Amino acid sequence: MKFLKKIINRFTIVSLLVILQVVFIVSLIYFLETKYFYLQIIISIISLLTLFFIISRNMHTESKVTWTLIILLLPLLGIICYLLFSKNIPSRKQRKTLIKIHDTFYKQNNNDQINNLVESKYIGQMNYILNTNNEKAYTNSKTKFFSTGESYLEDLLVELEKAKEFIFLEYFIISEGKMLDSILKILTKKASEGVEVKVLYDDLGSINYLPNNFDKILRKNNIECYKFNSFIPIASAIHNNRDHRKIAIIDGKVAYTGGINIGDEYINEFEKHGHWKDTAIKIEGEGVDGFTNMFLKMFMYSSNSTFPIDKYLNKNENKINDGVIIPYSDGPAPLMPEYIAENVYLNIINQAEKELLITTPYLICDSKLMNAIQNASLRGVDVKIFTPHIPDKKIIFQITRSNYKKLLKCGVKIFEYTPGFLHSKQVLADNKIGIVGTINFDYRSLVHHYECGLWMYSTSSLKEIKDDFIALEKVSQNMSTFKQNFFIHLFCKSIELFQPLL
């Protein structure tokens with residue numbers, strides 16, 4: 001009975017319906033093609049035109065290679081899949097709504113005011129984020145780093161209890177259990193006291209962990225709750241665009257982001273893949289506004305509503321001097337026409353001089369990022385990358401490992417977190433620039449998903465992040481002598497051709 005429940009669920013049913021649509025379309029065209037010879041000529045012409053379009057399209061080179069290979073091997077199926085799934089953009093209606101909402105939040109950046117506070121070699125990094133995100137750099141803020149999900153939850157619950165005006169929560173995964181219960185208890189109480197509570201979660205990310213009507217249940221308890229991008233049985237690339245962000249905001253005074261979703265594995269209430277290692281960052285002060293803006297844009301879209309935002313912005317008048325921070329987001333075109341998350345990583349990697357530290361659960365990125373990491377090591381930077389030792393996805397784990405060889409050859413040091421699964425996403429360069437956020441070193445994060453992060457310059461939390469890396473290395477195994485099984489490596493390199501689809 002339990003086995004049937006696992007395989008017969010909403011995700012399986014919707015996925016099967018999508019597959020059946022593709023099979024029906026392909027079968028219909030194959031049938032017509034065999035019956036009408038001229039259709040073969042038309043399909044050949046369409047294949048050729050599609051290949052020319054792919055070559056001229058503004059997309060990753062690896063994606064171009066993948067789609068070209070699919071169309072050459074399976075012309076008819078390849079064209080149909082390309083038309084249905086390749087365009088990593090929202091629907092026309094979504095684009096129109098998102099751009100309209102995005103434009104209402106336009107914020108003039110403050111480059112000139114901040115430039116004199118940042119070393120000249122880092123100004124370019126800062127300006128890139130400001131110019132692509134229409135965001136501000138903040139100085140009147142402070143940050144605190146959490147090295148475990150348990151410490152993050154403890155602090156979050158304390159801040160939620162303090163809420164007097166509003167609470168905003170946005171997560172990729174919300175899962176039933178102790179962590180959710182402890183949060184919902186406070187949210188329900190606060191909503192009954194008149195505190196405005198808004199919750200947003202990704203439908204596909206949470207599809208196997210929540211009842212389908214969870215949003216409606218919360219709305220009955222005066223909690224404004226909506227799903228992002230409902231997973232419906234229509235074959236479309238829109239299902240690629242998931243809300244992978246993790247954001248919590250309280251009264252415009254405090255915000256959190258990082259790798260931690262709402263689920264018991266994140267606080268090690270139970271062991272899903274060994275010990276779960278994750279991190280988060282807390283922001284206090286004016287910098288909270290950046291995350292408030294991010295949340296409200298997505299909430300307005302998902303709830304199909306608009307409203308004034310001024311009352312949600314930070315009113316802190318206390319002066320805090322703790323470096324410079326910039327909250328930033330990324331997402332599919334045309335809302336975000338640049339590969340912002342990837343370029344932020346590239347800018348940091350390319351400017352690292354002495355030390356570069358990275359944690360990521362998956363290491364499946366394009367040649368630009370891989371080359372940048374290799375080049376950093378070859379020019380004398382001490383590069384250390386930390387990945388999990390116990391995987392959550394076995395094939396993805398082996399593909400990650402298949403990339404070790406070329407990195408190790410260039411002097412990159414790779415460590416696997418021995419106790420279990422490492423889910424944190426953070427970068428630290430020369431103890432001066434840091435990133436904590438939701439962005440993995442993989443295609444889904446860098447191309448398909450809505451993501452967020454916090455860029456930090458010379459903040460006190462950078463020392464806390466460095467201490468976490470030191471502690472992490474002590475419980476991780478050095479992979480310098482790692483050799484992958486020849487057949488597994490060959491399989492992974494074959495699969496690598498289809499990396500952009502993973």
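## Strand pairing and the eight-stranded sheet

Two strands are taken to pair if DSSP finds at least two bridges between them. On that basis this predicted model contains an open sheet of eight strands, which run in the order S9-S18-S16-S15-S10-S12-S13-S19 and show mixed pairing. The edges are formed by strand S9 (324–330) and strand S19 (476–478), each of which pairs on one side only. On average, neighbouring strands of this sheet are turned by 15° against each other, with direction ignored.

## Nonpolar cores

The largest nonpolar core holds 49 residues, and the members that touch the most others are Met126, Ile348, Leu356, Ile373, Phe441 and Trp455. Helix H13 (residues 340–351) supplies the largest share of this core, with seven residues. Apart from this core lies another, of 44 residues, which includes Ile167, Leu210, Tyr362 and Ile399. In soluble globular proteins, nonpolar side chains tend to be buried together.

What surrounds Trp455? When residues up to four places away in sequence are not counted, Trp455 touches Tyr122, Gln125, Met126, Ile129, Val324, Ile325, Ile326, Tyr328, Ile348, Ile433, Gly434 and Ile435. Two of these contacts, Met126 and Ile348, are themselves listed with Trp455 among the core residues that touch the most other members.

## The chain as a whole

The chain has 19 helices and 19 strands, and its C-alpha atoms fill a box of roughly 75 × 60 × 50 Å along the principal axes.

Of the 502 residues in the chain, 57% are buried, while the accessible surface comes to about 22,200 Å², of which carbon and sulfur atoms account for 59%. Among the contacts in the chain with a separation of 6 or more, 81% are between residues 24 or more positions apart.

Methods:
Residues are numbered from 1 along each chain as its sequence is written. This is a predicted model: local features need pLDDT of at least 70, side-chain atom pairs count only at pLDDT 80 or more; totals for chains, interfaces and linings use all residues. Side-chain values use heavy atoms; hydrogens and water are left out. A nonpolar core is a set of buried Ala, Val, Leu, Ile, Met, Phe, Trp, Tyr and Cys residues joined through side-chain atoms within 4.5 Å. Buried means under 20% relative accessible area, exposed over 50%, partly exposed in between (1.4 Å probe, protein chains only). Helices (H or I, at least four residues) and strands (E, at least two) are DSSP runs, numbered from the N terminus. Contact means heavy atoms within 4.5 Å. Axes are lines fitted to C-alpha atoms, for helices over the stretch in contact, and angles run from 0 to 180 degrees between N-to-C directions. Accessible areas come from the Shrake-Rupley method with a 1.4 Å probe; for residues, only the protein chains shown count as cover.
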